[in-house]
Amino acid sequence: LRVLEFIEQFIQEAGIAPTFQEIREHFGFASFNSVQRYLKQLQDKNYIHFPGGNQKRALQVLHSSRSF
């Protein structure tokens, strides 16, 4: 939930989605695998969508954290 809220706030303020690096740094995760796990869980629950590959800032919010 905190990760989704961060993504939403970042998009609202910057107008673009955060990179994995920016998410990792914000939360102090040790690795990109941690970021990927959180994003995968959010994607599995249909809150976000991110296309495969190396597309930076391609993350899309499908359902707001307010809908929890």
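Visitor: Leaving aside its neighbours within four places in sequence, which residues is Phe32 in contact with?
Guide: Beyond those neighbours, Phe32 is in contact with Phe20, Gln21 and Arg24, where contact means heavy atoms within 4.5 Å. The model is a predicted one, in which local features need pLDDT of at least 70 and side-chain atom pairs count only at pLDDT 80 or more, whereas totals for chains, interfaces and linings use all residues. Residues are numbered from 1 along each chain as its sequence is written, and side-chain values use heavy atoms, with hydrogens and water left out.

Visitor: And where does the charged end of Arg24 sit?
Guide: The charged end of Arg24 sits over the ring of Phe32, at 5.2 Å from the ring centre. The criterion is that NZ of Lys or CZ of Arg lies within 6 Å of the ring centre and within 35 degrees of the ring normal.

Visitor: Which helix does Phe32 lie in?
Guide: Phe32 lies in helix 3. Helices (H or I, at least four residues) and strands (E, at least two) are DSSP runs, numbered from the N terminus.

Visitor: Why does Phe32 count as partly exposed?
Guide: Phe32 counts as partly exposed because its relative accessibility is 37%. Buried means under 20% relative accessible area, exposed means over 50%, and partly exposed is in between (1.4 Å probe, protein chains only).

Visitor: What about Gln36; where is it found?
Guide: Gln36 is also part of helix 3. Gln36 is partly exposed, at 39% relative accessibility.

Visitor: How far apart are Phe6 and Phe10 in helix 1?
Guide: They are 4 residues apart in helix 1 (residues 2-14), so about one helical turn separates Phe6 from Phe10. Phe6 and Phe10 are both buried.

Visitor: What sort of pair do Phe27 and Phe29 form, stacked or tilted?
Guide: The Phe27 and Phe29 rings are stacked, 5.5 Å centre to centre with 20 degrees between the planes. Both of these residues, Phe27 and Phe29, are buried.

Visitor: Which residues do ring pairs link into a cluster?
Guide: The cluster linked by ring pairs consists of Phe6, Phe10, Phe27, Phe29 and Tyr38.

Visitor: Now the largest nonpolar core. Which residues touch the most other members?
Guide: A nonpolar core is a set of buried Ala, Val, Leu, Ile, Met, Phe, Trp, Tyr and Cys residues joined through side-chain atoms within 4.5 Å. The largest one has 15 residues, of which Val3, Ile23 and Leu39 touch the most other members. At least two residues of this core come from each of helix 1, helix 2 (20-27) and helix 3 (32-44). Helix 1 gives the most, with 5 residues.

Visitor: What is Val3 in contact with, leaving aside its neighbours within four places in sequence?
Guide: Val3 is in contact with Ile23, Phe27, Phe29, Tyr38, Leu39 and Leu42, once those neighbours are left aside.

Visitor: Pockets next: what volume does the second largest pocket have?
Guide: The volume of the second largest pocket is about 190 Å³. Of its 10 lining residues, Leu1, Arg2, Val3, Tyr38 and Gln41 are the closest to its centre. Helix 1 and helix 3 are the elements that give two or more residues to this lining, and helix 3 supplies the largest share, 3 residues.

Visitor: How is a pocket defined here?
Guide: On a 1 Å grid over the protein atoms alone, a pocket is an open set of points where a 1.4 Å probe fits, with protein on both sides within 12 Å along at least five of seven lines; lining residues have an atom within 4 Å of a point. Grid points are joined across faces, edges and corners, and a volume is the space filled by probe spheres set on the points.

Visitor: Finally, what is the phi of Asn46?
Guide: The phi of Asn46 is near 70 degrees, a positive value in a residue other than glycine. Most residues other than glycine have a negative phi. Asn46 belongs to the loop between helix 3 and strand 1 (48-49), and its relative accessibility of 44% makes it partly exposed.

Methods: Rings of Phe, Tyr and Trp (its six-membered ring) pair if their centres lie within 6.5 Å; planes under 30 degrees apart count as stacked, over 60 as edge-to-face and the rest as tilted.
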